[in-house]
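Subject: The structure I promised you

Hi,

Here is the structure I said I would pass on. Have it open while you read, and follow along on screen.

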Amino acid sequence: MKNVIKNILVIAMVALVTLVGATSCKSSGKMSKKEYKARVEQAKQDLAAIIDGTTAWSCDEQQARLDQIKKIDFTKKNPEVVEMIDRAQAAIDACKAEQARLAEERRLAEERRLRELEEMNKPKTGVEDYLLQIANAKDVNVANRAINEALKLFSSADTPVLILINNYGDYDKPTTAEKYLNYIKDQKKVGVKVNNVKMENGKISELELKVVK
């Protein structure tokens, strides 16, 4: 009977030691060899995918996974994993840099699109509009500003201006863009309309006006 009781006590003590040991292991964050091996293999797979660029994770998701892996101490038993961690971090840094580059490209493209849209919607000022602005200017300074703006439409201030005075093909004495715009400023009236325009590189290279009665 005493032997039976003694055996029961021994078994109870072994069980208690095992239980305490297991609890201590879990509370201290230590892993079993099996669990550690599984984590190593999983870490290698994930790191390889990050390094090779075969993962579907975003840059931030890759960084989050790498941060998890870094929490495990691989320095002594798995130097290979440590080396892969460094390579994975470099790959993630490159991923973030590319992400930033693409974001900047999209930002610039959007700015360009908005500028082009604004330009398209901006009221266009043509030669006849400027002639009216110059003729109706309230003072010389306003007229001169309109002349300077109008000259931007021409290849140069010396761009030829031809003035058709009738329907028979008769022309007045040829003049230049700058001279004619100043003539309108002095006359304070517009008695012509645009009859023909020649363009070169987006600028007016020759302007033909027709006298209106």
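A word on terms before we start: two strands count as paired if DSSP finds at least two bridges between them. Keep in mind too that this is a predicted model.

With that in hand, go to the strands β3 and β4. Eight bridges join β3 to β4, and the two run antiparallel. Which residue in β4 does valine 197 stand opposite? Valine 197 faces leucine 207 there. Further along, glutamate 200 is set opposite lysine 203 in β4. The hairpin that β3 and β4 make has two residues between the strands, and asparagine 201 takes a positive phi near 55° in it.

Now for the rest of the sheet. Strands of a sheet pair through backbone hydrogen bonds, and they can do so either parallel or antiparallel. Here you get mixed pairing: the sheet is open, with four strands in the order β2-β1-β4-β3. The edges are β2 (175-176) and β3 (192-200), each of which pairs on one side only.

On the β2 side, β1 and β2 run antiparallel, joined by two bridges. Valine 161 stands opposite threonine 175 in β2.

Next, the helix pair. Helix α2 (residues 33-52) and helix α4 (residues 79-121) have axes that come within 9 Å and cross at roughly 30°. The crossing of α2 past α4 is left-handed. On the α2 side, the residues in contact include Val40, Leu47 and Ile51, while those on the α4 side include Val81, Met84 and Ile92. What classes do the residues of this contact fall into? Eleven are nonpolar, none are polar and three are charged.

Last stop, the largest pocket, which has a volume of about 310 Å³. It is lined by 16 residues, and the closest to its centre are Ile163, Asp172, Thr175, Tyr180 and Tyr183. Where does the largest share of the lining come from? That would be α7, with five residues. Both β2 and α7 (177-187) supply at least two residues each. Sorted by class, the lining has eight nonpolar, four polar and four charged residues.

Cheers

Definitions and conventions
Residues numbered from 1 in each chain as written. Predicted model: local features only at pLDDT ≥ 70, side-chain atom pairs only at ≥ 80, totals over all residues. Heavy atoms only, no water. 1 Å grid on protein atoms, 1.4 Å probe; cavity = no way out; pocket = protein on both sides within 12 Å on 5 of 7 lines; lining within 4 Å. Points joined across faces, edges and corners; volume = space filled by probe spheres on them. Nonpolar A, V, L, I, M, F, W, Y, C, P; charged D, E, K, R; others polar. Axes fitted to C-alpha atoms, helices over the stretch in contact; angles between N-to-C directions. Left-handed = near helix turned anticlockwise from the far one by under 90°. Contact = heavy atoms within 4.5 Å.
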